[in-house]
Amino acid sequence: MIEIKELHKSYKMGANSLHVLKGLNFSIKEGELVAIMGSSGSGKSTLLNILGMLDEADSGEYTLDGVPIKNLNETKAAKYRNKFLGFVFQSFNLINYKSALENVALPLYYQKVPRKQREEKALKYLEQVGLKEWAEHLPNELSGGQKQRVAIARAMAAEPKVLLADEPTGALDSKTSYEVMDLIQKINDQGNTILVVTHEEDIAHMCKRIVHLKDGVIVEDKKVEQVRASQYV
Amino acid sequence: MFDIERWQEILDTIRKNKLRTFLTGLSVASGIFILVILLGFGQGFRNGIAHEFAQDAATSVWVWPGTTTKEYKGLNPGRNIELRNADFEFSGELLKEDIELKSPRIFVRNVSVNYGNEALVYSVQGVSYQFQQIENEKISDGRFISYQDEVNTAKVAVIGNKIARDVFHDLDTPVGEFIDISGIPFKIIGSFTETEDREEERIFIPVTTAQRVFNGGDRLNNLAYTLPMAQSFDEAVARSVKFRSRLLAYLQQVHTVHPDDSNAIFIWSALEEAKRYYSLTDNIKLFFWFVGICTIIAGVVGVSNIMLIVVRERTKEIGIRKALGARPWSIVGMILHESIFITAISGFAGLILSMGLLEILGPHIEVDYIMNPSVNFSVAVSTVFVLVLAGAVAGFFPAWRAANIHTIDALRDE
């Protein structure tokens with residue numbers, strides 16, 4: 001599903017250049033649940049941004065579902081994002097003047113789905129994350145865990161090929177974190193490909209594979225025995 | 001533009017950001033409101049002036065004598081100039097082609113006017129039969145002095161309606177009654193209305209009668225003329241200026257007055273006076289336009305300012321939308337669509353409000369020199385369009401920049 005070869009990325013910091021990604025190679029197959037681990041500054045967020053087409057690599061190849069991702073302009077990137085990717089962010093990034101339902105329906109608006117179908121579909125995904133009763137509530141009326149579940153529903157509503165989660169539990173307490181991870185595992189069980197960036201060991205072990213980044217290189221890439229989050233909930 | 005989904009999305013956003021929408025709308029609406037009111041009063045001022053000048057015939061020229069202040073051809077200054085019948089006749093003959101109507105006037109002073117036992121205190125003026133048109137008096141009863149009356153030195157009088165109301169209120173009509181002027185009975189042959197009461201407190205008798213009966217000799221107090229109408233206002237003014245200078249030159253020559261002596265003979269021309277007022281109103285109109293355009297500019301700056309803040313405030317939302325697959329153009333389109341919609345609605349609201357106000361209050365405004373303020377509808381509508389367009393242009397650049405910020409930076413925006 002995802003294929004990267006010799007990926008390099010550096011940032012200019014004034015006169016100095018900071019080499020963040022130093023030639024990464026890996027691939028992710030359909031249906032995998034991968035954790036990308038590393039301490040802050042290891043380059044994990046940069047990698048996720050490149051995978052999410054929010055940022056562009058300096059060199060290297062990136063293929064997503066057989067489509068080479070290169071020479072992106074904003075319009076093209078927007079099209080691919082809408083078609084291939086769903087995002088879950090640490091800070092939820094819900095639009096605060098829209099209700100939970102409208103937030104979930106938003107990616108469908110950009111897919112030009114008619115309003116009625118948008119709402120039906122959005123409600124279906126809200127139901128999946130257990131927030132059907134909260135559909136008309138604004139984000140600031142929801143708890144952190146509920147917000148993240150809305151964000152996950154929103155990411156899933158577009159039916160993406162890959163779900164990219166950047167520290168999805170970073171702003172949550174451990175009990176809520178496990179609830180969110182439980183949800184992510186269930187979505188993965190349905191066959192969705194998911195990438196989770198985290199620096200928490202227990203969260204990483206709830207995935208099926210851990211890629212360890214340090215100073216811009218992959219130091220470890222191993223399959224792990226998945227810990228089910230449901231046992232903590 | 002006609003994408004119903006886009007409209008729903010925008011109406012949603014507007015509904016949920018009422019304060020922001022209200023403030024944007026208010027600055028636009030008040031800008032338009034102030035402009036329209038200003039323009040309306042500029043026009044009202046013009047109407048008022050035009051109305052004031054409509055009272056007398058617009059092309060009238062008046063002559064009255066003064067006192068010389070300059071020594072000339074051996075004659076001392078301080079000489080009183082007296083107009084004579086000859087001045088009237090010869091000037092009329094000399095400038096025949098330029099004159100439409102003409103009349104001399106003589107003030108009959110130191111006479112008592114009585115109606116029965118009642119003493120009347122009104123001015124008596126001897127005039128010619130064309131005087132009625134020169135002063136725009138409207139005959140409401142009977143007739144004015146005729147040429148025959150002048151030739152026959154008839155003892156007839158025409159009175160103003162105020163006199164008719166005050167003195168003859170018991171009668172159906174004053175026509176046919178007799179008043180005594182210095183003991184000589186004059187038959188009332190008509191009454192007239194004027195725009196002002198003061199001008200209705202006059203009694204007109206034929207100029208020939210006034211001279212003969214009251215020892216006037218051939219003296220006159222005023223000469224009055226009207227000029228024929230010209231194609232355009234400017235042409236009329238030019239003719240009036242020429243007529244005035246020829247008339248003045250002739251009278252100065254006849255009365256041996258220094259050509260530069262400005263106190264000996266006065267000539268007043270309604271047209272030139274009107275031109276001064278019209279150019280004044282033009283300047284005032286220009287000033288109102290200037291203020292109005294400054295108001296619009298302030299409105300545009302206000303709108304762009306708000307657009308800037310709106311875009312700034314929505315940077316993160318833009319980032320989220322882009323992460324969810326919005327294209328830059330759809331972001332720009334959404335922001336512009338929203339701003340154009342708000343400015344257009346509120347602009348027209350301001351327009352309707354201000355025009356309604358002018359329409360309702362305008363006809364009731366009764367102040368000197370301001371009459372029926374109103375505004376040209378197409379001018380007002382085009383200012384709304386200018387404002388909407390300016391708001392769109394002003395909103396475009398921040399929107400375009402925001403849409404092209406890296407999604408990742410937009411998302412980090414707090």
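The model is predicted, so local features need pLDDT of at least 70 and side-chain atom pairs count only at pLDDT 80 or more, while totals for chains, interfaces and linings use all residues. Residues are numbered from 1 along each chain as its sequence is written, with chains lettered from A and ligands numbered from 1 in the order in which they are written. Helices and strands here are DSSP runs (H or I of at least four residues for helices, E of at least two for strands), numbered from the N terminus.

**Helix α3 of chain A**

- Of the 11 residues of α3(A), 10 are buried, so this helix is largely enclosed by the rest of the structure. Buried means that 20 or more other C-beta atoms lie within 10 Å of the residue's own, exposed means 12 or fewer, and partly exposed is in between, with C-beta atoms placed from the backbone.
- The buried set is A100(A), L101(A), E102(A), N103(A), V104(A), A105(A), L106(A), P107(A), L108(A) and Y109(A).
- These buried residues pack against α2 (74-84), α4 and α5 of chain A, along with α1 of chain B. Contact means that C-beta atoms, placed from the backbone, lie within 7 Å.

**How α3 meets α4 in chain A**

- Two packed helices are described by the angle between their axes and the distance between the axes.
- The axes of α3 (residues 100-110) and α4 (residues 115-128) of chain A come within 8 Å and cross at roughly 120 degrees. Axes are lines fitted to C-alpha atoms, for helices over the stretch in contact, and angles run from 0 to 180 degrees between N-to-C directions.
- That makes α3(A) oblique to α4(A); under 35 degrees counts as roughly parallel, over 145 as roughly antiparallel, 65 to 115 as roughly perpendicular, and the rest as oblique.
- On the α3(A) side, the contact residues include V104(A) and L108(A), and the α4(A) side brings in R118(A), E119(A) and K121(A), among others.
- By class, the residues of this contact split into 10 nonpolar, no polar and three charged. Ala, Val, Leu, Ile, Met, Phe, Trp, Tyr, Cys and Pro count as nonpolar, Asp, Glu, Lys and Arg as charged, and the others, Gly among them, as polar.

- K112(A) is not a glycine, yet its phi is positive, at about 60 degrees. It sits in the loop between α3 and α4 of chain A and is exposed, with 10 other C-beta atoms within 10 Å.
- E159(A), also not a glycine, has a positive phi of about 50 degrees. You'll find it in the loop between α5 (144-157) and β7 (162-166) of chain A, where it is partly exposed with 14 C-beta neighbours inside 10 Å.
- K124(A) belongs to helix α4 of chain A and is partly exposed, with 14 other C-beta atoms within 10 Å. Its C-alpha atom is 8.7 Å from that of A157(A), which is 33 residues away along the chain.

**Where chains A and B touch**

- Each chain puts residues into the contact: 18 from chain B and 18 from chain A.
- On the chain B side, α1 (4-16), α10 (315-323) and α13 (407-412) each supply at least two residues.
- That side of chain B has seven nonpolar, five polar and six charged residues.

- An unreviewed UniProt entry lists residues 21-41, 286-311, 331-357 and 377-397 of chain B as "transmembrane region". UniProt positions are in the numbering used here, feature names are shortened, and annotations may be inferred rather than shown by experiment.
- Residues 286-311 of chain B are 100% helix and 0% strand, with end C-alpha atoms 37 Å apart.
- Residues 331-357 of chain B are 100% helix and 0% strand, with end C-alpha atoms 39 Å apart.

Notes: Two residues are in contact if their C-beta atoms, placed from the backbone, lie within 7 Å.
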